[in-house]
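Please open the structure in your viewer and keep the selection tool ready. The tour goes from one selection to the next and says what is found at each stop.

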Amino acid sequence: MPDVKTAQQIAESQYAFGILFVILFLVSITAVAFIFKDLKRENKEREQELKDLVAEQKRESKEREAKLMAHLEGNQCQICMG
């Protein structure tokens, strides 16, 4: 069983702090990369949703325009005959 002096020497060692720092640095970089990847995925999903919404709005707009033109042409014929 290691004694307290050995544990204290290891804790005071610059090498131990160096290794801990490197491990902490690698864990931090991994966490940042994971968060960045997740944000990219979420942004792509939102972008696709917006594209779908715009396409749907254009389709609905064309349908309304076609109905309006048909209505206006019907009114024009009634005025001409009338």
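Is Glu45 buried, partly exposed or exposed? Select Glu45: its relative accessible area is 40%, so this residue is partly exposed. Buried means under 20% relative accessible area, exposed means over 50%, and partly exposed lies in between (1.4 Å probe, protein chains only).

Before the next stop, note that this is a predicted model, in which local features need pLDDT of at least 70 and side-chain atom pairs count only at pLDDT 80 or more, while totals for chains, interfaces and linings use all residues. Residues are numbered from 1 along each chain as its sequence is written, and side-chain values use heavy atoms, with hydrogens and water left out.

Arg41 and Glu45 form a salt bridge, with their closest N and O atoms 2.8 Å apart. A salt bridge here is a side-chain nitrogen of Lys or Arg within 4 Å of a carboxyl oxygen of Asp or Glu. Side chains of opposite charge can pair when their charged atoms come close. Both Arg41 and Glu45 lie in helix H2, 4 residues apart, about one turn of the helix. Helices (H or I, at least four residues) and strands (E, at least two) are DSSP runs, numbered from the N terminus.

Next, select Asp38. The side chain of Asp38 meets that of Arg41 in a salt bridge of 2.7 Å, N to O. These two residues are also in helix H2, 3 residues apart, about one turn of the helix. Arg41 is partly exposed at 43% relative accessible area, and Asp38 is partly exposed at 30%. Show Asp38, Arg41 and Glu45 together: salt bridges link them in a network.

Move on to Glu47 and Lys51. Their side chains meet in a salt bridge of 3.6 Å, N to O. They are 4 residues apart in helix H2, so about one helical turn separates them. Glu47 is partly exposed, at 43% relative accessibility. The count by the salt-bridge rule comes to 5.

For the last stop, select Phe21, Val22, Phe25, Leu26 and Ile29. They form a nonpolar patch on the surface, with about 520 Å² of accessible area together. Click on Phe25, which lies in helix H2 (residues 14–81). Phe25 counts as partly exposed because its relative accessibility is 48%. Patches are made of residues with over 30% relative accessible area and no salt bridge; like charges are joined within 9 Å, and nonpolar side chains (Val, Leu, Ile, Met, Phe, Trp, Tyr) within 5 Å. Accessible areas come from the Shrake-Rupley method with a 1.4 Å probe, and for residues only the protein chains shown count as cover.
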